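Welcome, and thanks for stopping by. Here is a short briefing to read alongside the sequence and the 3D view.

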Amino acid sequence: MADTQDLRDRFVRALEGARGSSEGPDPVPYAEHLLARWREPQRRYHTVDHLTAVLDRVDELADHADDPDVVRLAAWFHDAVYMPDRSENEERSARLAERALPEAGVSAAKTEEVARLVRLTVTHDPADDDRDGQVLCDADLAILAAAPSAYAAYTAAVREEYHFVPNDAFREGRAGILRQLLGLHRLFRTPYGQEHWEATARYNLRAELEMLSTPPPPSA
C-alpha cells in the first residue's frame, strides 16, 4: 500500500530540486492533484502503487541520470492522464506537465524536458546518449523483471484495466506488445538495468507470450 504522506514529501523534494529553491508556489496542492489522478477508479495497474514503484526505481538509478529530479517529475506525470480505452494518454500527460510545471515555478527548459521524457514512454526507446530518458524508461519497465508472483499480479491488473476488451482481442494485442518488447536489442538501457533486470524480464516476457499463445481449453 502506497504511503500518501511519503509520496507528497517526495513530490515536494523533486519539485523544489527541479526549480532550485523552496521559494515559489506551494508544491502540496500540485501533489494532491496528481495523487487524485493516480487514484482514479478506472486504474488497476497504473495506480499510486505503480507510481511509487517507478519513483523507487528512479531513486535506484539516480546515479545514471543527468537531472534526477526532472526524471522524478516525469515519473509523476508519465501516466497522470490515463484512460485504458484511449491511445493519447502520454501526450495528454505531457501537456498536463507543460501547463502545471511553469505555474509551479519550474523553468521553461526543465518543463520541456519533463514533457519530452513523458512522451518518450510511448516507445521506451531512448537514444544512447539520453541518460535521463534511459533512467525513466528503465524505471517504468522494471516491473517486467519482477519475481513470478509480482509479475503475475501485474499481468492480472493489466487485464483488469482492459476488462472491456474481449479475451481473443486482448490476447492478440498483448502478444503483439510482448513480441515488440522482446524484439528490442535491449529492454533496459542503463548499465544497472542491463545487469540486474534484463535476463529476468526476458524470461518473464517469453513465459507470458508462451501462455498467451497456448489456446485456452474448450468450455464445457
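Are Tyr-45 and Tyr-154 buried or exposed? Tyr-45 is buried, and Tyr-154 is buried too; buried means under 20% relative accessible area, exposed over 50%, and partly exposed in between, with a 1.4 Å probe and protein chains only. This is a predicted model, where local features need pLDDT of at least 70 and side-chain atom pairs count only at pLDDT 80 or more, while totals for chains, interfaces and linings use all residues. Residues are numbered from 1 along each chain as its sequence is written, and side-chain values use heavy atoms, leaving out hydrogens and water.

**Aromatic pairs**

- The structure holds seven aromatic pairs; rings of Phe, Tyr and Trp (its six-membered ring) pair if their centres lie within 6.5 Å, with planes under 30 degrees apart counted as stacked, over 60 as edge-to-face and the rest as tilted.
- One of them joins Phe-11 and Trp-76, whose ring centres are 5.1 Å apart with planes at 75 degrees, so this pair is edge-to-face.
- Phe-11 belongs to helix 1 (residues 4-19) and Trp-76 to helix 4 (residues 68-77), so the pair ties together parts that are 65 residues apart in sequence; helices (H or I, at least four residues) are DSSP runs, numbered from the N terminus.
- Phe-11 is buried at 1% relative accessibility, and Trp-76 is buried at 0%.
- Tyr-45 and Tyr-154 also form an edge-to-face pair, with ring centres 4.9 Å apart and planes at 65 degrees.
- Tyr-45 sits in the loop between helix 2 (28-38) and helix 3 (48-60), and Tyr-154 in helix 8 (residues 148-161), so this pair ties together parts that are 109 residues apart in sequence.
- Ring pairs link Tyr-45, Tyr-151 and Tyr-154 into a cluster.

**Charges over rings**

- The charged end of Arg-43 sits over the ring of Trp-38, 5.1 Å from its centre; this requires NZ of Lys or CZ of Arg within 6 Å of the ring centre and within 35 degrees of the ring normal.
- Likewise, the charged end of Arg-159 sits over the ring of Phe-170, 4.3 Å from its centre.

- Arg-189 lies in the loop between helix 9 (167-182) and helix 10 (191-196) and is buried, with a relative accessible area of 10%.
- Beyond its neighbours within four places in sequence, Arg-189 is in contact (heavy atoms within 4.5 Å) with residues including His-124, Asp-125 and Asp-138.
- Asn-204 is part of helix 11 (residues 198-213) and is buried at 6% relative accessible area.

How values were computed:
Helices (H or I, at least four residues) and strands (E, at least two) are DSSP runs, numbered from the N terminus.
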